[in-house]
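I opened this notebook to record what I looked up in one structure. The entries follow the order in which I consulted it.

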Amino acid sequence: MEMDGIEHKTVQVNGINMHIAEKGQGPLILFIHGFPELWYSWRHQITALASLGYRAVAPDLRGFGDTDAPDSPTSYTCLHVIGDLIALLDAVAPDQDKVFVVGHDWGALIAWYLCLFRPDRVKALVNMSVVFPPRNPRRKTLESLKAVYGDDYYICRFQEPGVIEAEFAKIGTARVMKEFLTYRNPGPIFLPKDKMFGHPPDAPIVLPSWLSEDEFNYYASKFEKTGFTGGINYYRNLNLNWELTAAWTGAQVKVPVKFIVGDQDLTYNSVGTKDFIHKGGFKKCVPLLEEVVVMEGVAHFINQERPDEINKHIHDFIAKFH
């Protein structure tokens, strides 16, 4: 499939077939998507950065889109996913010791882990939406989330295999995707049983101006085919990730970073995040944090909502590191 000259390939990594979209030649930029998303979330960035002399590579992560989805929920830890990305880089750019990385949402969290585990492979990082999460050695991740937000918080509701999938199946894939992609409330997502997103199931949902019907249908068709389990399995490993990353307690991210978030993003408005960003905590964990950009009037899907500005932010930052 071709779209704006974007090429599609399958690369074997760690025993799974990984689908990637790529365009351009030059220094490689690895784009890492979030949930419920795909390589396609980076469509605007891929074409823009390719035209500026970079090789843009955006995989579907394991469990998403046209990449294989291992059956076992525990095959989705941060170590598995970073393992895939290192194998991908070795396969597609064996001549580039270090690459640029751009992440958003879960992809931002994965990018933080990539920089923690393999800083030798990253020239610079542009991360969006999700700040670096310092590990709390005294309390597991899920316990912390439950204590703050309660059992109906979406991440808590995602934990029991099969349960949320069955509820999503009742609403229908397209409806679930619309609920997530149009979410603009700066507060947390709660999914109480039988109420879910809080709208009557027949209430119309209008797509935002940045997402056309055709673009939406691309997402919906892929998730219709795969289901949500692969993506939700990332959330099911939060506590296992906490256990596996014990050796990195207190470790700093030692690569140059630019961080971008929308002021209407639920992540920016989550408990303690603004203080962490603006009162020194973030910089302590990420000493080479060079810039923090808070974009006004923008919600979670920032790279799709404001593609031109994001493309410029990415280019302006990485251009310093040639």
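The entries below concern a predicted model and take up a strand, a pocket and a few backbone details.

**Entry 1: strand β3**

I began with strand β3, which covers residues 28-32. I then took the two faces separately. L28, L30 and I32 are buried on one side, and I29 and F31 are buried on the other.

**Entry 2: the partners of β3**

Which strands pair with β3? I found that strand β4 (residues 55-59) pairs with β3 in the parallel sense over three bridges. Within that pairing, V57 of β4 is the bridge partner of L30. Strand β5 (residues 99-104) also pairs with β3 in the parallel sense, over four bridges. Here F100 of β5 stands opposite I29. I also noted that β3, helix α1 (residues 43-51) and β4 form a β-α-β unit, which is right-handed.

**Entry 3: the second largest pocket**

I next turned to the second largest pocket, which holds about 240 Å³ of space. What kinds of residue line the second largest pocket? I recorded six charged, four nonpolar and one polar. Among them are E167, K170, R175, D194, F197 and H199. Helices α6 (163-171) and α7 (173-181) each supply at least two residues of the lining. The largest share, three residues, comes from α6.

**Entry 4: R175**

One of the lining residues, R175, received an entry of its own. R175 lies in helix α7. I asked why R175 counts as buried. Its relative accessibility is 14%, and buried means under 20%, so R175 falls in that class. Leaving aside neighbours within four places in sequence, I listed the contacts of R175 as H199, P200, P201, D202, A203 and I205.

**Entry 5: backbone details**

F35 and P36 are joined by a cis peptide bond, with omega about -5°. P36 is found in the loop between β3 and α1.

Where does N14 lie? I located N14 in the loop between β1 (7-13) and β2 (16-23). N14 is not a glycine, yet its phi is positive, at about 50°.

S129, also a residue other than glycine, has a positive phi near 80°. I placed S129 in the loop between β6 (122-128) and α4 (141-149). S129 is buried, with a relative accessible area of 3%.

Definitions and conventions
Residues numbered from 1 in each chain as written. Predicted model: local features only at pLDDT ≥ 70, side-chain atom pairs only at ≥ 80, totals over all residues. Heavy atoms only, no water. Buried < 20%, exposed > 50% of the residue type's maximum accessible area, 1.4 Å probe, protein only. Pairing = 2+ DSSP bridges. Right-handed = clockwise from strand over helix to strand, strands pointing away. 1 Å grid on protein atoms, 1.4 Å probe; cavity = no way out; pocket = protein on both sides within 12 Å on 5 of 7 lines; lining within 4 Å. Points joined across faces, edges and corners; volume = space filled by probe spheres on them. Nonpolar A, V, L, I, M, F, W, Y, C, P; charged D, E, K, R; others polar. Contact = heavy atoms within 4.5 Å.
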